[in-house]
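Biologist: I'd like to learn how to read folds and helix packing from a model. Can you walk me through one?

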Amino acid sequence: MDEALIFSRLDVPRILTAWGAGRAVYIPETAGAQTAFALFNPERGLSLHFGNTTLSPKSFLFPQTECLLRFATRGPEAGLCQTEPLGAQKRLLFGVRPCDAAAFALLDRVFVQDDRSTDPFWALRRERTLLVGLACNSPDETCFCTAMDGGPHNTAGLDILACDLGDEVLLRPVTDRGRALLAEAAQAATGVPARGERGGAALGQAETRRMGAEAVMARSPFVPGLTLEAVSRRSQRTVHALGIWPRIAETCLNCGVCTFTCPTCHCFDIQDETKGGSGRRVRNWDTCMSWLFTAHASGHNPRPTKVERVRQRFMHKFKYMPMNLGGRPGCVGCGRCVRQCPANIDIREVLRAMDMACRIAPPSSLIPDEAVS
Amino acid sequence: MNAANPYLPFPARLVEACFDTPDKSLRTLRVAFEDPETAARFVYRPGQFAELSLAGKGESPIGIASSPTEGTHLLFTVSRVGLVTSALHALSPGDRLGVRGPLGNGYPLPDLAGKNIVIVAGGYAVTTLRSAMVWLLDPANRKKYGLITFIYGARSPELLLYPDVWRGWMGRDDVDCRVTIDNACQGWDCLVGFVPRVLKDVAPASEGSAALVCGPPAMIRFSLPVFEDLGWQPEQIFMSLENRMKCGIGICGRCNVGNRYVCKHGPVFSKAELDRLPAEY
C-alpha cells in the first residue's frame, strides 16, 4: 500500500481490532482530567478528540522502571548476572501525536548511537512497536512544535499518520511497516485511495487542517519568533555563562515533574534490588533536577545548587543536544512541562531569554573564533 | 563490552588484594576474568576504566591501573567512600565480582608517538597513569617515544601508591622519575615539595612534548600555570576527569560536561577541549 487511504471514521474501531490480531493495541483514553494510553477495548470505543496525553508515551519504549539483569546473592551462582529476557509482545500505539513521535525519533539517536552505545532494550521495543500517529488539528495552548523543527501533521518517527477529517479518516503510510499495516487495514474495512477528485478533496481538507493548527500556534503570544538561532551561534561556554540562569532558576522547586512528563528526557539511574537470595539490577527514570544526580561519593558536586541543575536541563535541550544531533533541538514543543510546572516556569520564555541574552552577550575570551551576532 | 547487553558485567574473581595505605582507605585489587575467552577479548588502553559490579550492591566506575602489556589480570585501586567501594574493600580472594568495560577513550598514546611524554600525578589519581607508564616503558613501546618524565607526589610517603613499581623506574636510565612528598619526614629518601614546584624545577620543554596530568584539583590548578609559563599549548596537555556515572556508555545522561560525556567521550580530554566546555566538573 503505497498511497494514502480514506476510511469512514466509523471503521476505525474495526481497523484497530484487525491490527490487534497478534498485537496489543493502545489508544489514548480520557478519564477525568487525565488522558493516558490504555489497551484498546472495542466495547468502549474511542475518541479522536483529545489534547496531548498527560504523560508522553515514552514509557512504552523506556519504562519508568526496567529490569536490566537478574542475579542470585547466595550459593555458587551468587553474583552471576543474567540478562532479563524481554517478552515477545508486539505493540501498536494509535493516536501518537507528531511531537511525541518526533521525540521517539530523537531518542533513537540517544539510545542507539553506535556499536559501543546501543541500548538493546530500547532498540528491541522500538522494533516491536508500531506507531500510528494522529495529526493535531487543534493544538493545546502550550503547544509550540512548529518552533522545534516539528509540525502538527509531521510524520517523523511514525509508521502511519492518521488525519481526522470529520466523517472520514485519512491514513498516510510513512514507513514500509506502515504500508504493510495499511494493507491490513484495507482488508478490515473499505478504504478509498486518496487520489482523483475525492482524494484531492480529502488531501485538501487535511492540508487546511494542518494550516489551521499551525495558525493557532502562530497566533499564540509565546510561539512567534521562538528560535534557537542565536543560541546555536554562540559557544556552549558563553550560553552556560549567561547571567539569566539565577533568575530562571529562582522559582524552581527542583521537583522534576518537567523531566518525568517530557517525551525527550531520558536520563536514568541504575540500582540494585535484592530480596531473599536473589535480586535484580533495574534502571529507573532519573532527573537532573536532583542533587543526587551528579553528587560524587566524595561529597563534591559539579552541580551543587538548583541554578546549575536548571541550567543543565535547558542547556541540554537547546545547546548540547543540537550540537550533538546536527542542529535538532532536544525539545519537541509538546508543552507538557509548561502545563505541569508548579512554579509556572515556561520553557518557551526560557528559550526566549536565552535567545535575547545570546544576542548581546560578549564573546568568550577563551574561544576566539566564536561568532557574535 | 558485552555486545548483546552492554549493562551485563563479565564475571571475574578477586585474585589478591592489598591495602595501600595505613588508614586502609585505599585497596588495590588484582582481578581475573572467570572465562579465559573474555579475558582475551577484553582489549583495553591505558586511561580507560571499568564499572566494577557487585550483585546486590551496584557498580562503581574505577580506572584500570594495570597495563594491557602486563597480561590478562586487571588491577584496580579503590578508594573506600561509598556502598559499592566499601563492599569492594570487604572482598576476599576468590570472591566473585563483575567487570563491565573497558569504557571511555583512554590516553591518546598512539597519537603521541615520537613525542616526549611528561606525566604528572598526585595522590591516588596516579592509577591510570601507572597503566600509561607501564605501557610506555614496555620494550615494544618505549622506543617509539622520546624522553619520559614521571613526576608523582602525595602528602606523605605512605600515601604514595605502587612504591615497588616507581622505585623500579628510578633505577632506569630511560625515564626521569621524580617522587615527592609535601613535608619532610624521617627516612624519606626522595624529593620534598609540592608537585607543581617539582614540575617547575624539571621545566620540561614544550616542543615535541605532551603531558598527562591527573591529580587533586589543587595540584592541577597550580601545575597548569607552570606548563603555561614554559610555553606549553592547551593541545599538549591531557587530563582525566571523574564524574558520577551509571551506564558508562553515554546514554544515562549524568556525567556530561557541556555536550561531552565523561564516560564515552572522556574520561581523557585535552586542555584545549576542556577550555571550550563549561567548567562544570
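Modeller: Let's start with contacts: two residues touch if their C-beta atoms, placed from the backbone, lie within 7 Å. In chain A, among contacts with a separation of 6 or more, 71% join residues 24 or more positions apart. This is a predicted model, where local features need pLDDT of at least 70 and side-chain atom pairs 80 or more, while totals for chains, interfaces and linings use all residues. Residues are numbered from 1 along each chain as written, with chains lettered from A and ligands numbered from 1 in written order.

Biologist: What share of chain A is buried?

Modeller: Buried means 20 or more other C-beta atoms, placed from the backbone, within 10 Å of a residue's own. Here that covers 45% of the 373 residues in chain A.

Biologist: And how do I read helix packing?

Modeller: Helices are DSSP runs of H or I, at least four residues, numbered from the N terminus. In chain B, H6 (residues 195–202) and H7 (residues 217–229) pack at about 15 degrees, axes 8 Å apart. That makes H6(B) roughly parallel to H7(B), a label for angles under 35 degrees.

Biologist: Which residues of H6(B) and H7(B) make the contact?

Modeller: H6(B) brings B:Val195, B:Pro196, B:Leu199 and B:Lys200, and H7(B) brings B:Met219, B:Phe222, B:Ser223 and B:Val226.

Biologist: Where do I find the overall extent of chain A?

Modeller: Look along the principal axes: the C-alpha trace of chain A spans about 65 × 65 × 40 Å.

Definitions and conventions
A residue is buried if 20 or more other C-beta atoms lie within 10 Å of its own, exposed if 12 or fewer, and partly exposed in between; C-beta atoms are placed from the backbone. Axes are lines fitted to C-alpha atoms, for helices over the stretch in contact, and angles run from 0 to 180 degrees between N-to-C directions. Helices (H or I, at least four residues) and strands (E, at least two) are DSSP runs, numbered from the N terminus. Angles under 35 degrees count as roughly parallel, over 145 as roughly antiparallel, 65 to 115 as roughly perpendicular and the rest as oblique.
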